[in-house]
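This report describes a protein structure for a reader who is new to the subject. Please keep the sequence and the 3D view at hand while reading.

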Amino acid sequence: MGVDKEEYIRYRISRSEEALDEAQIMAENKHWNTAINRLYYSCYYIVDALLRKNDIKHKTHAGTRNQFHLYFGKTGLVDRELLQYYANIFQDRQESDYGEIVHYTQEDVDYLMPKAQSFHLAIKRLILE
C-alpha cells in the first residue's frame, strides 16, 4: 500500500521543520555533533520532498544528493551556494556520525544553522510552486 504523494510531501516538510527545531534544542544543550546531524536531516527531508514532488527516484542519502544536484543544480533551479551547502552538510553529518573522532563546536553550529534555515525555505518555495 503506497502513501499518497501529497501527504508524503507534507510529512517530509513537517519532518524538516522538526529537525530544524531539534537542531536548535541540541545547540542550546551544547550537543554540537547531534545538532549537525539534525541540520543535515532537515535538509535531507526537504530535498526528499522536492524529489518526490517531481517523481525523481532515489534510494540512498548519496542518491538523494546526486539526484538533487543533477535535476536542480545542473539545471540552475537551485543556487550554487545552496547546492554547496547541502554537499557540505552531507559531509559534516557523515564525519559526525561515522568519523573516528570528530568534535563540532558552537561556532560550527552557529555558522551552519542560518544556512540550514535558508536552505529549508528556498527548497520549500520550489516545492510549493
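## Basis of the report

The structure is a predicted model, in which local features need pLDDT of at least 70 and side-chain atom pairs count only at pLDDT 80 or more, while totals for chains, interfaces and linings use all residues. Residues are numbered from 1 along each chain as its sequence is written, and side-chain values use heavy atoms, with hydrogens and water left out.

## Overall fold

The protein has 5 helices and 0 strands; here helices (H or I, at least four residues) and strands (E, at least two) are DSSP runs, numbered from the N terminus. In sequence order the pattern is α-α-α-α-α. The radius of gyration is 14 Å, close to the 14 Å that the globule rule gives for 129 residues, so the protein is as compact as a globular protein of that length. This radius is taken over C-alpha atoms, and the globule rule is 2.2 Å times the number of residues to the power 0.38. The C-alpha trace spans about 40 × 30 × 25 Å along its principal axes.

Contact means heavy atoms within 4.5 Å. Of the contacts with a separation of 6 or more, 64% are between residues 24 or more positions apart.

## Surface and charge

Of the 129 residues, 43% are buried. A residue is buried when its relative accessible area is under 20%, exposed when it is over 50%, and partly exposed in between (1.4 Å probe, protein chains only). The protein exposes about 7,600 Å², of which carbon and sulfur atoms supply 49%. Such areas come from the Shrake-Rupley method with a 1.4 Å probe, and for residues only the protein chains shown count as cover.

There are 17 positive and 20 negative side chains, and the centres of the two sets lie 7 Å apart. Lys and Arg count as positive and Asp and Glu as negative, whereas His and the chain ends are not counted. The place of a charge is taken as NZ of Lys, CZ of Arg, CG of Asp or CD of Glu.

## The nonpolar core

A nonpolar core is a set of buried Ala, Val, Leu, Ile, Met, Phe, Trp, Tyr and Cys residues joined through side-chain atoms within 4.5 Å. The largest one has 40 residues, and those with the most contacts inside it are L39, F68, Y86, I89, F119 and I123. The elements that give two or more residues to this core are α1 (5–28), α2 (32–53), α3 (61–73), α4 and α5 (106–128). Helix α2 gives the most, with 14 residues.

Y86 illustrates how such a residue is surrounded. Apart from neighbours within four places in sequence, Y86 is in contact with Y40, C43, Y44, V47, T64, R65, F68, H69 and F119.

## Helix α3 and T64

The buried residues of α3 are G63, T64, R65, F68, F72 and G73. Their cover includes α2, α4 and α5.

T64 lies in helix α3 and is buried, with a relative accessible area of 0%. Not counting residues up to four places away in sequence, T64 touches Y44, V47, L51, H58 and Y86.

## R15 and E22 in helix α1

R15 is found in helix α1 and counts as buried at 15% relative accessibility. Beyond residues up to four places away in sequence, R15 touches E22, R38 and Y45. R15 and S42 are 27 residues apart in sequence, with their C-alpha atoms 7.1 Å apart.

E22 also belongs to helix α1 and is partly exposed, with a relative accessible area of 27%. Leaving aside neighbours within four places in sequence, E22 is in contact with R15 and R38. From C-alpha to C-alpha, E22 and R38 are 6.4 Å apart, although 16 residues separate them in sequence.

## Exposed residues

Most residues other than glycine have a negative phi. K30, in the loop between α1 and α2, has a positive phi of about 60° although it is not a glycine. D55, in the loop between α2 and α3, has a positive phi of about 55° and is not a glycine either. K30 is exposed, with a relative accessible area of 59%, and D55 counts as exposed at 58%.

Y98 is found in helix α4 (residues 80–98) and counts as exposed at 57% relative accessibility. Y98 and Y86 are 12 residues apart in sequence and 18 Å apart in space, C-alpha to C-alpha.
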